[in-house]
Amino acid sequence: MRIENWLMGYQLFFWLGVTLALYWGALHLQRKLGGSPLANPVLVASAPIIAFLALSDTPFASYDLGGQVLLFFLGPATVALAIPFFRNIQRVRHVIGPLLVALSAGSLTAILSGVGIAFLLGADKATVLSMSAKSITTPIAMGVSEEIGALPVLTAGFVIAAGIIGAALGGPLLTLLGVRDERARGLGLGVAAHGIGTARAFQVSPLMGTFSGVAMTLNGILTALLLPLVWRLFF
Amino acid sequence: MGGDPLSFLPRALAFAGLCLCLVAGSQLAAWAGIGVPGAVMGLLLLLGALFLAHHVPQSLEDVSAFLLRHLNLFFVPAGVGLMAYAGLVARDLWPILAALFLSTLLGLAVTALVFSWALKRREEGK
């Protein structure tokens, strides 16, 4: 018996419940592993659902009845980014000049190198386009991806992967490069590894987390304002 | 929990406020036609309001903290949705991995190095 027939009108509640339970489990697992960015709750919670849907041959549309309810909250959550940003921007005001210079340089580097490498290695056009928003925070990235005609879900996947890579390898890399200033380390994590990098930065110190959080939101806003505009000018 | 059921009201209003910013932002973005996601416009509207008001109401603070703390929950459906692109990801696996690793670390290094350099230059200039 197919699960979507068996559940009848309760598919929405079933998938919502399954997702909440797996997310709760994923949070506990990550806590047990000392907050490791490798135990990303999105990956840990979605992998068993993917496996189940594939093995039971259940259509994604059934799961998506519950999924759409959760995706609805992304909009208000994006708006809510204004609140920590409002508080943190006042703490970094004294270095706003150097901050904007570094953020622009890093953001441009991340976009151009990501798109360039994927393009040169012969990736599909949809892949290249979706790569352009990979360094900005996921809710904004999905919106930008939609605006430029890329695949929002694929972009979300790239964003999460970039965040895990940056959060896991960013610290050792910056130590290797001799960057010891916590403000600079935080800013780097925020620009390249958005929310996942910011969570990592807050594990080190509030100062590093503040810079990372500001970098994440500012990078998201500036990219969202400029990328679709640049895109329209050239294509 | 428990106690006065009306104590929930300020948070419900704060959430409605976030949704209102979202709707106004989406309308503004559509009207301006500059291809900016509506949610980002909503974020800017709220930010403008906060700068005018100079303070964040406690209920808005609570609701936002909750939404942002559990942001990952709202991405799980996107993670599951990735299964539809398994073929594309398998085809482009090496370009994707190369772009993600190199570009993320390059962006991170450039940001941190430029910021250290700019901070040092400014401190020496004083």
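Predicted model: local features only at pLDDT ≥ 70, side-chain atom pairs only at ≥ 80, totals over all residues.
**Pocket lining.** I looked up which element gives the most to the lining of the largest pocket, and it's α11(A), with 8 residues.

The pocket has a volume of about 1200 Å³. I found 40 residues lining it, and Gly195(A), Thr198(A), Ala199(A), Leu68(B) and Arg69(B) lie nearest its centre. Both chains turn up here: α2, α6, α11 and α12 of chain A, plus α3 and α4 of chain B, each supply at least two lining residues. Sorted by class, I get 18 nonpolar, 16 polar and 6 charged residues.

**Second pocket.** The second largest pocket holds about 640 Å³ of space. It has 21 lining residues, with Leu108(A), Ile111(A), Leu112(A), Leu227(A) and Val230(A) closest to the centre. I checked which elements give two or more residues to this lining: α7, α8 and α12 of chain A.

**Helix crossing.** Next I went to α3(A) and α4(B). Their axes come within 8 Å and cross at roughly 40°, and the crossing is right-handed. From α3(A), the residues that meet α4(B) include Pro41(A), Ile49(A) and Leu53(A); on the α4(B) side I noted Phe75(B) and Val80(B), among others. The contact has 9 nonpolar residues, 3 polar and no charged ones.

**Ala21(A).** Last stop: Ala21(A), which sits in helix α2, residues 11–32, of chain A.

Note on methods. Residues numbered from 1 in each chain as written. Chains lettered and ligands numbered in written order. Heavy atoms only, no water. Helix = DSSP H or I, 4+ residues; strand = E, 2+ residues; numbered from the N terminus. Axes fitted to C-alpha atoms, helices over the stretch in contact; angles between N-to-C directions. Left-handed = near helix turned anticlockwise from the far one by under 90°. Contact = heavy atoms within 4.5 Å. Nonpolar A, V, L, I, M, F, W, Y, C, P; charged D, E, K, R; others polar. 1 Å grid on protein atoms, 1.4 Å probe; cavity = no way out; pocket = protein on both sides within 12 Å on 5 of 7 lines; lining within 4 Å. Points joined across faces, edges and corners; volume = space filled by probe spheres on them.
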